[in-house]
Amino acid sequence: MDISIIALALILFLAVFAIIQYNKLIRLNIQVDEGFSQIEVQLKRRADLIPNLVEAVRGYATQEREVFERVVQARAASTTASTLPAIAAADGALTNALRGLLAVAEAYPDLKSSTNFLQLQEELATTENKVSFARQFYNDTVRSLNTAVKTIPSSLFVGLAKVGEREFYEVDDSAVRNAPNVKF
Amino acid sequence: MADFRALESVNKRKTFFLLFFMAVLVWSISYLAISAFGGSGAGVIPLAVLITLVSVWGSYYASDKLVLRMTRAKVIRYEDNPNLFNVVSEVVIASGLPMPKVAIVNDPAPNAFATGRNPEHALIAFTTGLLGSMDRDELQGVTAHEMAHVANRDTLVSAVAATTAGVVALISDILMRMLWFGGGRSRSHQNQMPIFLAIIPLILAPIAATLLKAAISRRRESLADATAVSFTRNPAGLRSALEVLARDNTVVEARSSAVAHIYIESPLDASAASKLFATHPPIQERIETLRRMEANPLGSN
């Protein structure tokens with residue numbers, strides 16, 4: 001009689017414990033997915049912004065063909081990339097190309113003072129910040145998930161939840177990584 | 001010790017201990033009420049709890065609307081200030097929180113605050129003076145500090161602190177009146193404890209509660225600075241924003257001690273309150289802590 005009550009309580013306790021651990025893993029995994037879709041949203045925003053920016057600069061700086069081509073190519077590469085490392089690499093390349101474009105713009109005072117360009121510049125500054133914060137948020141969620149996958153007790157439920165370690169979003173450019181605040 | 005994760009956990013632990021002392025204080029004053037005043041003393045406790053709960057939790061629940069009215073802040077839309085909205089939505093992405101309402105207070109003194117009962121009802125407000133005196137990085141630092149208050153549920157923490165401090169103050173107050181107006185008349189002979197001995201704790205308890213409440217507020221400010229850095233990974237932005245605030249001498253117009261604790265910088269004169277009663281840590285101390293974080297960045301992960 002007593003033993004059966006104890007056994008029942010123990011089973012109940014273990015069941016609740018298992019549910020909590022299982023849910024924790026699932027929740028972290030969903031957060032990683034959400035974090036990644038946030039990166040994609042911001043990358044899309046940036047890609048949509050670029051044609052306008054290029055047009056604005058081209059009107060003043062016609063001879064800087066090379067810079068425009070780099071931006072257009074990097075943009076094309078970023079919209080076609082599909083795997084996570086490829087997306088991250090294209091993202092880094094585009095950030096660099098844009099930095100080059102804005103450096104060119106510095107040399108044209110008329111361009112720099114046009115309201116259209118100033119507006120685009122602010123849009124680009126905020127989008128770059130959003131991209132970099134989205135990367136950072138994603139990597140934080142990956143870090144929490146990977147820690148849970150590797151540490152006891154949550155690691156015991158990895159098989160049940162069908163959740164595994166996820167990849168970090170690494171932009172291969174030290175300047176990008178150290179500069180979450182882009183000032184143009 | 002100079003990285004934001006360590007600072008966050010230290011401040012959270014200290015808040016916990018302060019709230020624990022608060023609970024001990026409430027328990028002690030209740031014990032005193034029962035032991036020194038008998039049945040009528042015991043009756044005071046639920047009365048005090050009820051009055052404080054109604055007054056504090058009403059203002060907690062409607063905090064966003066109430067503070068809007070008290071500070072005369074105006075909620076704005078994207079079109080009203082695109083740059084500010086851009087900065088706020090950047091920090092929103094970094095924090096993973098929902099987008100708060102954004103408001104502007106028409107006031108030349110630079111300051112900002114956050115309120116709202118939960119992240120879904122959050123409101124952050126900036127004075128026109130702040131918007132005029134800060135660059136993008138500094139504004140981002142201030143926004144991150146305010147969003148950190150939202151993330152750390154500081155409206156809730158300060159409501160809990162205000163409730164317990166209120167209960168202590170009310171119980172002490174009622175018991176004092178009972179002493180003065182012949183509360184001891186019927187029981188003065190049966191009481192174990194001489195009634196005059198109760199006066200000292202009755203005077204000290206509300207002071208202790210106020211001190212604890214201020215200490216909790218200071219902890220939450222330090223915590224918000226650390227959490228802000230976890231959002232932006234840029235201690236320099238917030239540090240230079242605080243330096244702008246430290247240099248500034250104008251005082252918020254619609255100032256009132258009732259809303260002092262929610263601002264990023266105390267809107268009251270430093271001389272008006274001693275360090276122990278201050279709702280904010282000294283601004284130089286906060287600047288120094290952020291400087292240490294800059295020297296030892298934990299961006300390596």
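Student: Which are the buried residues of α2(A)?
Tutor: This is a predicted model. In it, the buried residues of α2(A) are A:Val67, A:Val71, A:Ala74, A:Arg75 and A:Ser78.

Student: Why are they on the same side of α2(A)?
Tutor: They sit on the same side because they cover an arc of only 100° around the axis of α2(A). In an α-helix there are 3.6 residues a turn, so residues three or four places apart point the same way.

Student: What do they pack against?
Tutor: The buried residues of α2(A) pack against α1 (2-58) and α3 (84-106) of chain A.

Student: And which exposed residues does the face turned away carry?
Tutor: That face of α2(A) carries A:Arg65, A:Glu66, A:Glu69 and A:Thr80.

Student: Switching to the chains. How many residues of chain A are in contact with chain B?
Tutor: 13 residues of chain A, in contact with 15 residues of chain B. Helix α5 (residues 115-150) of chain A gives the most to that side of chain A, with nine residues. The residues on the chain A side divide into four nonpolar, six polar and three charged.

Student: What is the strand order of the open sheet in chain B?
Tutor: The order of its four strands is β1-β2-β4-β3, with mixed pairing. The edge strands are β1 (73-76) and β3 (112-115) of chain B, each pairing on one side only.

Student: How many bridges join β3(B) to β4?
Tutor: Four bridges join β3(B) to β4 (residues 123-127) of chain B, and the two strands run antiparallel. B:Phe113 has B:Ala125 in β4(B) as its bridge partner.

Student: Which helix packs on that sheet?
Tutor: Helix α5 (residues 136-151) of chain B packs on the sheet and touches β3 and β4 of chain B.

Key:
Residues numbered from 1 in each chain as written. Chains lettered and ligands numbered in written order. Predicted model: local features only at pLDDT ≥ 70, side-chain atom pairs only at ≥ 80, totals over all residues. Buried ≥ 20, exposed ≤ 12 C-beta atoms within 10 Å, placed from the backbone. Arc of directions from axis to C-beta. Contact = placed C-beta atoms within 7 Å. Nonpolar A, V, L, I, M, F, W, Y, C, P; charged D, E, K, R; others polar. Pairing = 2+ DSSP bridges. Axes fitted to C-alpha atoms, helices over the stretch in contact; angles between N-to-C directions.
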